[in-house]
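Visitor: Hi! Could you walk me through this one, starting with how you name the pieces?

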Amino acid sequence: ITIAVPKETANGERRVAMVPSALKLLTKLGATVRIQHGAGDAAGFTDNQYDGVEWAKTTAELYKGADIVLRVQPPTAEEAAKLPENIIIAGYMTPHEGDSRISNLVKRKVTSFALELVPRITRAQSIDALSSQGNIAGYKCALLAAHLSPKLFPMLTTAAGTVKPARVVVVGAGVAGLQAIATARRLGAIVEAYDVRSATREQVESLGGKFIDTGVSAEGEGGYARELTDEEKAQQAEVLAKHIAQADAVITTAAIPGRPAPKIIDKATVERMKAGSVIVDMAAETGGNCELTEAGKEIQHQGVLIAGPRNIPSMAATHASEMYARNLCNLLALIIKEGNIDLNWDDEVVADSCLTHDGEIRHAPTRERIE
Ligand code: NAD
């Protein structure tokens, strides 16, 4: 088995799908690894750190005779059209968008595994890139909020006076939100947090955060949230606005799988915030949790700074790549048996995370949308 790792082509992507420390996991599976020169550079892994691999200059060289391609970002429609027929590709595949790319994967009879579709079950935790990368994003968002705020996060008692700790509100207490809470707490802030899933109360409190009770609870399927009704949204907004108005920094991480980000902070709520406060909107790329967020920009609105950073895990490319690469290795361990590819469709992790195979879209919601 030959596993090919291209240099990422997406703008601003610093991560790489395979890191030197994970190579031994692939060798153990009986695979040979082939890497495109410079693939790890932006993540801090130079070519000379990858021991015992084959090298390729061009993608043509890279894919020649390869069985599996590992990537971070999904291929573009053009890149998908150039993949060798019947090859396996694993990485983010954004199944909810990019229909022409998915159609090209189908045309090329590519077997694609989408990390977004890995089931959130205990056995698949080591494959769960949404969690590994979400964890990193939550950490970075808290640092970003601290960095952008004109205030200090910790309480300081100094000869030059006493500084009060910052008040931080975290909206959405999933994987990323919980790490944002933990990080803001470590920096010394007073943290309040809110999530529509009431199960998160205990998790927030265990990190030293205070749970904001809006009286709205919306547990959905598979441990995810469902969308709120209009009445629920109004009730939530009313309570949250009071806490947000008092905050020095707000970090929003709310998401609903496959849907645009829920709008939680409207313009009127921003206008109730103090001048000098900041919002870091982690959901910027899927539309933003704040009505005023612009993806990839930092904007000012009546003295409030609203940041909508893109591709946050890529900002910590070294560790993000290490975790991501481990996630992929653990996925490959399910489909490589004794040095051969063995796709066991009875394994729900394999079956559920497969987007396309043998000229068909296997993921039902994507198939229904495209066909
Ligand atoms: P996510 O990124 O889809 O969403 C982030 C958070 O936003 C979620 O906690 C969600 O409840 C919240 N949210 C959605 N709408 C909201 C709204 N209107 N207001 C406030 N908050 C809102 O979720 P995630 O972090 O990837 O995962 C969510 C949960 O799934 C985890 O906390 C965990 O319970 C479960 N999970 C299980 C496994 C596993 O067992 N393998 C792995 C990962 C996650």
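Guide: Helices (H or I, at least four residues) and strands (E, at least two) are DSSP runs, numbered from the N terminus. Residues are numbered from 1 along each chain as its sequence is written. This is a predicted model, where local features need pLDDT of at least 70 and side-chain atom pairs count only at pLDDT 80 or more, while totals for chains, interfaces and linings use all residues.

Visitor: Thanks. Where does Arg71 lie?

Guide: Arg71 is in the loop between strand 4 (68–70) and helix 3.

Visitor: And is Arg71 buried or exposed?

Guide: Arg71 is buried, because 25 other C-beta atoms lie within 10 Å. The cut-offs: 20 or more such neighbours within 10 Å is buried, 12 or fewer is exposed, and in between is partly exposed, with C-beta atoms placed from the backbone.

Visitor: What is Arg71 in contact with, apart from neighbours within four places in sequence?

Guide: Pro6, Glu8, Ala17, Ile89 and Gly91 are the contacts of Arg71 once those neighbours are left aside. Contact here means C-beta atoms, placed from the backbone, within 7 Å.

Visitor: Switching topic: which residues have the most contacts inside the largest nonpolar core?

Guide: Val168 and Ile251, in a core of 111 residues. Such a core is a set of buried Ala, Val, Leu, Ile, Met, Phe, Trp, Tyr and Cys residues joined through C-beta atoms within 7 Å. Beyond four places in sequence, the contacts of Ile251 include Val168, Cys141, Ala142 and Met282.

Visitor: What about Val171, where does that sit?

Guide: Val171 belongs to strand 9 (residues 167–171). Val171 counts as buried because it has 30 C-beta neighbours inside 10 Å. Not counting residues up to four places away, Val171 touches Tyr194, Val250, Thr252, Thr253, Ala254, Ile264 and Asn289.

Visitor: Now helix packing. How do helix 5 and helix 10 pack?

Guide: Helix 5 (residues 129–148) and helix 10 (residues 317–335) have axes 9 Å apart, at an angle of about 170 degrees. They are therefore roughly antiparallel. By class, their contact has 5 nonpolar, 4 polar and no charged residues. Axes are lines fitted to C-alpha atoms over the stretch in contact, with angles from 0 to 180 degrees between N-to-C directions. Under 35 degrees is roughly parallel, over 145 roughly antiparallel, 65 to 115 roughly perpendicular, and the rest oblique. Ala, Val, Leu, Ile, Met, Phe, Trp, Tyr, Cys and Pro count as nonpolar, Asp, Glu, Lys and Arg as charged, and the others, Gly among them, as polar.

Visitor: And how do the axes of helix 5 and helix 6 cross?

Guide: At roughly 35 degrees, coming within 7 Å, with helix 6 spanning residues 175–186. By class, that contact has 10 nonpolar, 7 polar and no charged residues.

Visitor: Last topic, the backbone. What is the phi of Lys109?

Guide: Near 55 degrees, a positive value in a residue other than glycine. Most residues other than glycine have a negative phi. Lys109 is in the loop between helix 4 and strand 6, and counts as partly exposed because it has 16 C-beta neighbours inside 10 Å.

Visitor: Where's Gln302, then?

Guide: Gln302 is in the loop between strand 14 (298–301) and strand 15 (304–307). Its phi is positive too, about 45 degrees, although Gln302 is not a glycine. Gln302 is exposed, because 10 other C-beta atoms lie within 10 Å.

Technical notes: Two residues are in contact if their C-beta atoms, placed from the backbone, lie within 7 Å.
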